[in-house]
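This briefing is meant for a reader who is meeting the structure for the first time. Please look over the sequence and the model before going on to the notes.

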Amino acid sequence: MIKIGVFGASGRVGKLLLEDLKLTENMSLSCVFVRSSLDFSIDPSVLVTSDMKAFLSASDVIIDFSLPEACESLLEQAIQTPKPLVIGTTGLSQHQLNLLKNASEVMPILYATNMSLGIALLNKLVYQASSALEGFDIEIVEMHHKHKKDAPSGTALTLSESAAKGRSLDLDKVRISGRDGNIGARSKDEIAVMALRGGDIIGRHTVGFYNDGEFLELNHTATSRNTFSKGAIRAATWLSQKPKGLYSISDCLDL
Ligand code: NAD
């Protein structure tokens, strides 16, 4: 039985994770981290704590869907108390990404800006299309619910990395995130990543390849957040057997 600790348990994805864990064989929820108290009831066998060290010690694998600053404090403590970590939090700063990389030198970490199988495959397809469709303009549009804090989404940024890699481009030099005013014609290599926010959209990503005479659009829509919680559970099972190191969702899915 793999004991799972959930970080961000009261969030939109975290709550589903608790439900999905109940339905998962060979896995049990051992611990949740809280800042003050939980606003819902939980099985009394589960440790509810605001002591990060106790939280890490009580679990075999931690799953995190929180916020960048919270994820940072988890990583800092995990370096002292190493545990396999499945990190789903997006919007990490460069400093936080460096911390994550350093932490993976002492524990196994799977970091995925999107835990779904469809997006993992989409990243492969985008890489392939970007390199095969020479001269096509690449534009990415993402749509999310009105509560989402970071923009563009971590998934859209990962997709733009796949697109840039397919053309051996430095993403930092070619990515733009908006157009306004008399900006002139589109430059050849630019990759636009645009964010739309509204309503309760769980997540929709379109990667378009546009040429004179034809265009190709690859689209993924998440219709349920359980896609992410179930994906994270699958990743946690896989990660529990791995040595220290930094892993991606495609390592876990063997794509
Ligand atoms: P949410 O705002 O509903 O939940 C955030 C959770 O983090 C809450 O439980 C909150 O209590 C907790 N939290 C906030 N600050 C904290 C702190 N300082 N210490 C400890 N806990 C703290 O958000 P959500 O929609 O559940 O998404 C959570 C994260 O997961 C976001 O970064 C989101 O972009 C990302 N996400 C990732 C995927 C994926 O597949 N990787 C999918 C959906 C969302």
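The model is predicted. Its chain is divided into domain 1, made of residues 2-111 + 225-253, and domain 2, made of residues 117-222. The C-alpha centres of the two domains lie 28 Å apart, and a search of the whole structure finds nine salt bridges.

**Where the domains meet**

- Ten residues of domain 1 are in contact with eleven residues of domain 2.
- Between them, domain 1 and domain 2 bury about 860 Å², with 63% of this area on carbon and sulfur atoms; in domain 1, the residues that lose the most area to domain 2 are Arg 12, Thr 90 and Arg 225, which together account for 46% of what that side buries.
- Zero salt bridges are counted between domain 1 and domain 2, while two residue pairs are in polar contact across the two domains.
- On the side of domain 1 that touches domain 2, α8 and α9 each supply at least two residues, and the largest share, three residues, comes from α9.

**Nonpolar cores**

- The largest nonpolar core has 34 residues, and those with the most contacts inside it are Ile 4, Val 6, Ile 63, Val 86 and Leu 110.
- Two or more residues of this core come from each of β1 (2-7), α1 (12-22), β2 (27-33), β4 (61-64), α8 (226-239) and α9 (249-253), with the largest share, six residues, supplied by α8.
- Because domain 1 and domain 2 both give residues to this core, it lies between them.
- Leaving aside its neighbours within four places in sequence, Ile 63 is in contact with several residues, including Ile 4, Val 6, Leu 17, Val 86 and Ile 233.
- Another core, of 19 residues, lies apart from the largest one, and among its members are Cys 31, Phe 55, Cys 71 and Leu 74.
- In α1, the buried residues are Val 13, Gly 14, Leu 17, Leu 18, Asp 20 and Leu 21, and the buried residues of this helix pack against β1, β2, β4 and α8.

**A buried loop residue**

- Asn 114 is found in the loop between β6 (108-111) and α5 (117-132), and it counts as buried because its relative accessibility is 8%, where buried means under 20%.
- The side chain of Asn 114 makes a polar contact of 3.2 Å with the side chain of Thr 155.
- Leaving aside neighbours within four places in sequence, Asn 114 is in contact with Ile 119, Thr 155, Phe 228 and Ile 249.

**Salt bridges**

- Asp 137 and Arg 186 meet through their side chains in a salt bridge (3.3 Å, N to O), a pair that links distant parts of the chain, with Asp 137 in strand β7 (residues 137-144) and Arg 186 in the loop between β8 (175-176) and β9 (191-197), 49 residues apart.
- Asp 137 is partly exposed, with a relative accessible area of 25%, and Arg 186 is also partly exposed, at 26%.
- Arg 197 forms a salt bridge with Glu 142, where the closest N and O atoms are 2.7 Å apart; this pair joins strand β9 to strand β7 across 55 residues.
- Arg 197 counts as partly exposed at 32% relative accessibility, whereas Glu 142 counts as buried at 0%.
- The side chains of Asp 150 and Lys 148 meet in a salt bridge (2.9 Å, N to O), and both of these residues are buried.

Terms used: Residues are numbered from 1 along each chain as its sequence is written. This is a predicted model: local features need pLDDT of at least 70, side-chain atom pairs count only at pLDDT 80 or more; totals for chains, interfaces and linings use all residues. Side-chain values use heavy atoms; hydrogens and water are left out. A nonpolar core is a set of buried Ala, Val, Leu, Ile, Met, Phe, Trp, Tyr and Cys residues joined through side-chain atoms within 4.5 Å. Buried means under 20% relative accessible area, exposed over 50%, partly exposed in between (1.4 Å probe, protein chains only). Helices (H or I, at least four residues) and strands (E, at least two) are DSSP runs, numbered from the N terminus. Domain bounds come from an automatic or database domain assignment. Contact means heavy atoms within 4.5 Å. Buried area is the accessible area (1.4 Å probe) that two parts lose on being put together, summed over both. A salt bridge is a side-chain nitrogen of Lys or Arg within 4 Å of a carboxyl oxygen of Asp or Glu. A polar contact is a pair of N or O atoms within 3.5 Å; within protein, one must be able to donate a hydrogen and the other to accept it, and residues adjacent in sequence count only if both atoms are side-chain atoms.
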